[in-house]
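Reader: I would like to go through the side chains of this model with you. Shall we start with the aromatic rings?

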Amino acid sequence: MLTFVWGSSFILMKRGVEVFTGIQVGALRVFVAFLALSPLVFRHVNKLLLKHWKGFLGMGLFGSLLPGLLFAESQKGISSSLTSMINTMTPLFTVMITVFFFKEKVRILNLAGIVIGFLGALGLIMVNGHSGTNTNLSFVIFALLGTLCNGITANIIKYSLGTVNSVACTVWAMLFVGPVSGVYLLCDADFTHRLTTNPLAMQSLGYICILGILGTSVSIILFNVLIKNTSSIFGASVTYLIPIVAIMWGVLDGEHIVPMYIVCALVILTGVYLVNKKESVVEAAPYDSSPDL
């Protein structure tokens, strides 16, 4: 489910930036997710959880707001397929943070899977560059920074919010960044101008709403559940599969796909298998057994 939703997010961002700026798409995505989750506030927000405010803030910033802005901005200069390929580096950033900051041990087999998956993703980027597609370095850097944010988020969820209900985590995170995004959009005269004058604005807005509801609010809850029941690295490894969905959408949208993409995708899948072989690197943190929904 996460693979399909997140794999489809890149084509939705591409549609969004056809009318709005990358920052506007990212802010609107977060604000829509906040509105979608607002009915759950009364059930999942209570004073007892305030002690986790740093984790909620970190999850809101690095899990929603910053990657939403960075990935959308990257879509202004590179294809949705390439952005999704760069996103496969999330497990590499995740394991680096896990090892260097949390001092966790890494199994050789799992590490080999991460390296192989990384090489497959790197191969996709190289093939994309040689195929004549625009690979402006600054936009690639935006996508890489968004990927780093994903790696940070996986560790925040695992090590700071491991005992908090998954839906509550997401609702609290949106409370920190959703209103700020809404205020920004209301104060942005350019956003209002684009919304009222561009004939494609409503269509683009619809794509971004789908992105906010499914690609942010629902998917973050699923990602929370996945990480809490497995490990941060196992959860992040789902990003290896995302380009396969994104490339399918790219083909339907007329993006240039070359046969070597298939070879690189198979390399990535090999890495996924090794990463998940005999459970992953880090044992799951204690998990709140109360129902999520």
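Reader: How many aromatic pairs does the count come to?

Author: This is a predicted model. Rings pair if their centres lie within 6.5 Å. By this rule the count comes to five aromatic pairs.

Reader: What kind of pair do the rings of F10 and F71 form?

Author: A pair of aromatic rings is described by the distance of the centres and the angle of the planes. For F10 and F71 the centres are 6.0 Å apart. Their planes stand at 90°, and over 60 degrees counts as edge-to-face. So the pair is edge-to-face.

Reader: How many residues apart in sequence are the parts that F10 and F71 tie together?

Author: F10 lies in helix α1, residues 2–16. F71 lies in helix α4, residues 53–74. The pair therefore ties together parts whose separation in sequence is 61 residues.

Reader: Is F10 buried or exposed? And F71, buried or exposed?

Author: Buried means under 20% relative accessible area. F10 has 4%, so F10 is buried. F71 has 5%, so F71 also counts as buried.

Reader: Take F20 and F191. Is that pair stacked, edge-to-face or tilted?

Author: The ring centres of F20 and F191 are 5.3 Å apart. Their planes meet at 35°. Stacked needs under 30 degrees and edge-to-face over 60. So the pair is tilted.

Reader: How far apart in sequence are the parts tied together by F20 and F191?

Author: F20 lies in the loop between α1 and α2 (22–37). F191 lies in helix α10, residues 189–197. The pair therefore links parts separated in sequence by 171 residues.

Reader: What are the relative accessible areas of F20 and F191?

Author: The limit for buried is under 20%. F20 is buried, at 0%. F191 counts as buried too, at 10%.

Reader: Now N165. Which backbone nitrogens does the side chain of N165 reach?

Author: N165 lies in the loop between α8 (137–159) and α9 (166–187). At 9% relative accessibility, N165 counts as buried. A polar atom of its side chain lies 2.9 Å from the backbone nitrogen of V167. At 3.1 Å, the N165 side chain reaches the backbone nitrogen of A168.

Reader: Which residues form the nonpolar patch on the surface?

Author: Together the patch has about 410 Å² of accessible area. Its members are L111, V115, L119, L122 and M126.

Note on methods: Residues numbered from 1 in each chain as written. Predicted model: local features only at pLDDT ≥ 70, side-chain atom pairs only at ≥ 80, totals over all residues. Heavy atoms only, no water. Patch = residues over 30% accessible without salt bridge, like charges linked within 9 Å, V, L, I, M, F, W, Y side chains within 5 Å. Areas by Shrake-Rupley, 256 points an atom, 1.4 Å probe, with all protein chains shown as cover. Salt bridge = Lys/Arg side-chain N within 4 Å of Asp/Glu carboxyl O. Helix = DSSP H or I, 4+ residues; strand = E, 2+ residues; numbered from the N terminus. Buried < 20%, exposed > 50% of the residue type's maximum accessible area, 1.4 Å probe, protein only. Polar contact = N/O pair within 3.5 Å; in protein donor to acceptor, adjacent residues only side chain to side chain.
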